[in-house]
Amino acid sequence: MRRFPIAATLAIFICLCRGASGLAQSMDDLNLQIHGYATQGFIYSTNNNWDTTDSTDGSAAWTEAVVNVSAQPEPKLRIGVQARYFLLGNYENDIDLDWAQADYKVNEKFGFRVGKVKTPAGMLNEIQDIDPAYLWILLPQSIYPLASRNSTLAHYGGVVYGSLPLGESLGKVEYRAYGGQRVVSGDDGYLQPFRDEGLTLPNGITGRVFGGTLIWDIPIQGLTAGASIDSEAPSGNIAAGSYVGTFSTPRFYPAYFFGRYERRKATFAGEYSRLAVRALVQFPGAPPDYIPTDQRSFYAMASYKLSEKLTAGMYYSNSINMQVPVSSARFQKDWALSARYDFNPFLYAKVEQHFVDGTEIGFSSSDNAGGLQPSTRMTLLKLGVTF
């Protein structure tokens with residue numbers, strides 16, 4: 001679902017809220033809340049254009065605006081919806097439905113949400129849509145590529161969640177299990193590598209998805225560790241001009257392992273992920289074309305709150321696809337230095353410097369007619385307002 005009438009969607013959700021309560025309630029009774037943010041970014045890079053922008057000349061083609069509306073018709077029930085406008089180079093320039101869900105929390109041990117819900121895979125996937133909540137302009141691209149944000153943020157289906165105490169000596173475990181349908185539209189940035197090869201997936205790809213996450217709140221203040229397993233098997237039609245075939249994968253199981261430690265003004269975190277799959281492209285009358293992937297990715301990050309308004313940090317992000325021949329397209333290593341300044345509760349600015357070696361993620365051959373260079377230096381600026 002790509003474009004949709006926002007007003008109609010919000011009206012439907014408010015009606016659902018009222019129907020669920022069975023009473024003619026006022027807006028105060030519904031605990032109606034409206035929040036959102038808007039950001040404007042600027043990108044300058046050396047050698048290579050980044051993510052379909054003309055960043056080697058400096059590009060301001062990076063705009064995002066998010067609005068979410070939620071209501072609580074009953075103490076245990078919350079219903080909400082979030083819309084997002086996004087423009088990055090040639091990506092998007094339209095309004096998407098980020099999520100739309102009904103969330104019923106029975107108690108601390110058990111709750112569930114249904115609709116288009118965020119996919120609780122990995123440590124940071126569920127906060128990709130909340131730019132004001134974190135320091136970084138770009139989350140580590142080895143695991144959270146910006147172009148894949150729409151395709152990985154949410155799925156149609158449900159999530160069950162809760163928290164289970166393990167005793168004073170062992171802390172507690174938070175669990176999340178999910179299932180449903182993943183839908184990736186044909187123009188999504190996730191499919192840019194196919195477009196670089198002259199292939200399109202006009203109807204996108206879709207498939208059943210399920211998985212789960214466990215997060216252990218270790219009985220050491222500020223320390224958590226977790227693991228996720230995801231399972232997907234997307235498929236769809238693929239076209240080379242007027243020649244139409246099929247794209248499919250066997251079910252694959254990307255795994256994530258992560259940890260986080262917060263102490264006073266400092267935060268340290270890291271994550272490792274592996275994705276192994278052998279996709280199949282089949283055109284009628286042609287031999288099968290297999291596309292193997294064995295991507296191994298990790299990052300380590302640290303940040304420090306220098307003052308009430310200023311936070312600084314850095315991370316190292318690394319990814320390598322063992323199935324790609326040895327070249328700069330096989331890997332990506334990225335050192336990032338970041339700073340954020342909060343002018344007040346509603347206005348903030350971020351600056352980030354990246355030192356990138358390798359072109360595995362975010363660099364498209366179709367945007368770099370002279371060929372991709374092995375290294376890139378990239379400066380990012382972002383101004384945001386939130387309400």
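Start by selecting Val 81, which sits in strand β3 (residues 77-88); strands here are DSSP runs of E, at least two residues, and helices are runs of H or I, at least four, both numbered from the N terminus. This is a predicted model, where local features need pLDDT of at least 70 and side-chain atom pairs count only at pLDDT 80 or more, while totals for chains, interfaces and linings use all residues. Residues are numbered from 1 along each chain as its sequence is written, and side-chain values use heavy atoms, with hydrogens and water left out.

Is Val 81 buried or exposed? Val 81 is buried, with a relative accessible area of 4%.

Next stop, charges. Side chains of opposite charge can pair when their charged atoms come close. A salt bridge here is a side-chain nitrogen of Lys or Arg within 4 Å of a carboxyl oxygen of Asp or Glu, and the whole structure has 17 of them.

Pick Asp 129 and Lys 118, whose side chains meet in a salt bridge at 2.8 Å, N to O. This pair links distant parts of the chain, 11 residues apart: Asp 129 is in the loop between β5 (110-118) and α3 (149-153), and Lys 118 is in strand β5. Asp 129 is buried at 2% relative accessible area, and Lys 118 is buried too, at 15%.

Now jump to Asp 294 and Arg 274, a salt bridge with its closest N and O atoms 2.9 Å apart. Here Asp 294 lies in strand β14 (residues 289-305) and Arg 274 in strand β13 (residues 266-282), 20 residues apart. Asp 294 is buried at 8%, whereas Arg 274 is partly exposed at 36%.

Then select Asp 342 and Arg 340, another salt bridge, with 2.9 Å between the closest N and O atoms. Arg 340 is buried, at 10%.

Finally, zoom out. The chain has 4 helices and 18 strands, and 48% of its 387 residues count as buried. Its C-alpha atoms fill a box of roughly 60 × 50 × 45 Å, taken along the principal axes.

Terms used: Buried means under 20% relative accessible area, exposed over 50%, partly exposed in between (1.4 Å probe, protein chains only).
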